[in-house]
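Here's a quick briefing for anyone opening this one up for the first time. Have a look at the two chains, then read on for how they meet.

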Amino acid sequence: MNDDAASPLELPPLTLQQRGRAGALAPIVLLNTFLNIITLSIYRFWGKTKVRQYLWRQTYFMDEPLEYSGSGGELFKGFLAAAFLVLLPMAVVSNLAETYLEIESTAFAAFSVLFYIVVYSLIGMAIYRARRYRLSRTAWRGIRGGMRGSSGQYAVRYLLLWALTLITLGWAYPWMRQTLFARLMGETTFGNRPFLVVAKLWPLYRIFSACWLGSFLMFAAGMIWLTVYSHNDNEFKVVWTADISFWLIAVLWFLPIPVALLWYRAHEINHFAKATTIMGVSFEMKAGFWNLSGLVSINFLIIICSLGFGIPFAQLRTFRYFCDHLTIQGNLTPEWIEQTRMEAPTIGEGLADAFDLGAV
Amino acid sequence: MAGAYDGSYSDGRTAAMHEVVAQARGDGLHINSKTGDFEEHWRYGDVRAIDPPRSDIPFRLTSQTMPDARLSVNSAEFVADLRHQAPQLFLTGLAQPTLRRNIALIILALCALGLLLWQGMPHLSAPLAHLVPAQWAQNIGETYRSRIISGAPVCNDASGTAALAVMTRRLTNSLSPPLNVDVIVADKAQVNAFALPGGHIVIMRGLLEKAGSSDEVAAILAHEIGHVSHRHPLQMGIHVAGIGMMVDLFTGEGSSLMEMAGEVGGLLLLLNYSRDMEREADAYGRKLMGTAGLSTGAMARFFARLKPEGKKGGNGAENGGGYFSSHPPLEERIDAATKLETGQSVLNNADWMALKNICG
């Protein structure tokens, strides 16, 4: 035993690592898939919990693993609550409306608008509550996370900002993203310590306007090509250009948006990380267009090819991506982080499950 | 004498980590700070393992008396000591009470779902069927009808259609309140007929070909009118929609596999009346034939015609599987239908020929 024990414990470096391996996750996923099938997918709540436990305990902050303490039963209860208190009444109401209102009447239109408002608010609420649940079940050295704000307020912003984004043909998008991120992250706590988010908006707009205008120009070019092409009555030329037109339109119309989105997202991730601090500790992400595209496209393939059963592998890859590209700077004094006094929710993310918002 | 092992400990009040020495003694787990600041004594009854012991992560423990405190020891010998003192911490498989409880919960949920589908839905659908407005039933019926005839042409030879109208009127004339039925012949080889919501009735060409007389067709039609009068089709429609809704609810994160199973199950069920419903329709049909002054034995003759083919056990399109799969045993129905034998023919010979050739 060390006689020198009185010396203070040396702090490990501020790192976040994901040490999980697909090979170790595979047996969990296989068993989950089997049990999901034989239980008509009711097992999914327990299966999801098993996957989270794995992902969390393989995530090391300062060489100390995280811990996920949620249970399948909590998720199941959350699901039942959402299904019977929210989804079922909504299904009944919309069915009744479709029955009793003329489809082309103003009353039906008004109902539809109202219905979308409710659905979008519920989605916002679901995102917030799911995050609250997960953080309250996440612990590091026994200290839990949490969300200190209200899901209702988040839902209102979510709804209004999305509406604004639609009305402005997307131009409100960066503002929406940043406002929602600032709310989610800025209301996140670790123990009694809040995260702080202070960000300028213009760096996002610089990237965004380039993306938007670029996509718009490509789209317009496609339109012009089509107009010229459709006025071309020389039969030989029509046949000759048909193939080219197809590929040209495919490239001009369907490539820009995903490319622009990934490019924008990579910037956004870095921008958001830079804007976030906790107790003077700051973050830096090194996301880039190519590595993010690699992550997203391979995850997409994994999920499609496995008919959705391989989602945990995609989640592991996403976790690892964030851990690998994140650097943390500053001096953290763990003694200053006290246990949270907030009450944790007793049931889990039913709404998020209902709306298919299965982030992790 | 239990060994002393180096470990790290956080008390759950702050995130500070302390170097400690842990010992699994006879009276419980002893945790002593290396600096002598504190000592903890956890009784085995209170101790919980955060994860089962694994080679890839340190073994973490907590106590129910201090649920946020964490003791982390990275030593296989310590685990062995503890296993010796408190074997209940190391239960695996079905020996774990939480696993047993979860399995019970899942089985209970499945049973509740099953009960709801097989017992609840039939009881709910009958009263609901009477609440559905006529216009809605009409629309549903039309949708179902186009799905069932699936692109086959509707036979509309003028004199055949007129003959069909004569037959329909003859049967429904005496009804009060009047019953709205809309009978069509679909150009399909199946020996089958369906009643659908909203009074839609579809007779397949195969049935007309198989029938030996107009009375036999009238008897089948009367039987289908019986279904309409009892609102059986609507009841089944609600039943299926309800099941679809429950399946959607429970399989929420719908894998396409589950959705497909639900869809196929629903369609099969839609045309599968219960035996009680068939008996009701049979009785109603006989009464209708009697009131119209028609031969109530016609039904029996038609079934007798089908019988030898039915005995072959085939279920193909040619022998009208629909009528065998769900209808009461043939013998019983023939018996019931032969008891009354009066009346004359519903159509004269020319009209009957016209009806037979309605598909041109």
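Contact here means heavy atoms within 4.5 Å. By that rule, the contact draws 46 residues from chain A and 40 residues from chain B. Keep in mind that this is a predicted model, where local features need pLDDT of at least 70, side-chain atom pairs count only at pLDDT 80 or more, and totals for chains, interfaces and linings use all residues. Residues are numbered from 1 along each chain as its sequence is written, chains are lettered from A in the order in which they are written, and side-chain values use heavy atoms, with hydrogens and water left out.

**The interface**
- About 3,900 Å² is buried between chain A and chain B, with carbon and sulfur atoms giving 66% of that area (buried area is the accessible area, with a 1.4 Å probe, that two parts lose on being put together, summed over both).
- The rule finds 3 salt bridges across the interface of chain A and chain B (a side-chain nitrogen of Lys or Arg within 4 Å of a carboxyl oxygen of Asp or Glu).
- Glu67(A) and Arg70(B) meet through their side chains in a salt bridge, at 2.5 Å, N to O.

**A hairpin in chain B**
- Strands E3 (residues 28-33) and E4 (residues 39-42) of chain B run antiparallel, joined by 4 bridges (strands are DSSP runs of at least two residues, numbered from the N terminus, and two strands pair if DSSP finds at least two bridges between them).
- His30(B) sits opposite His41(B) in E4(B).
- The hairpin of E3(B) and E4(B) has 5 residues between the strands, and Gly36(B) takes a positive phi near 80 degrees there.
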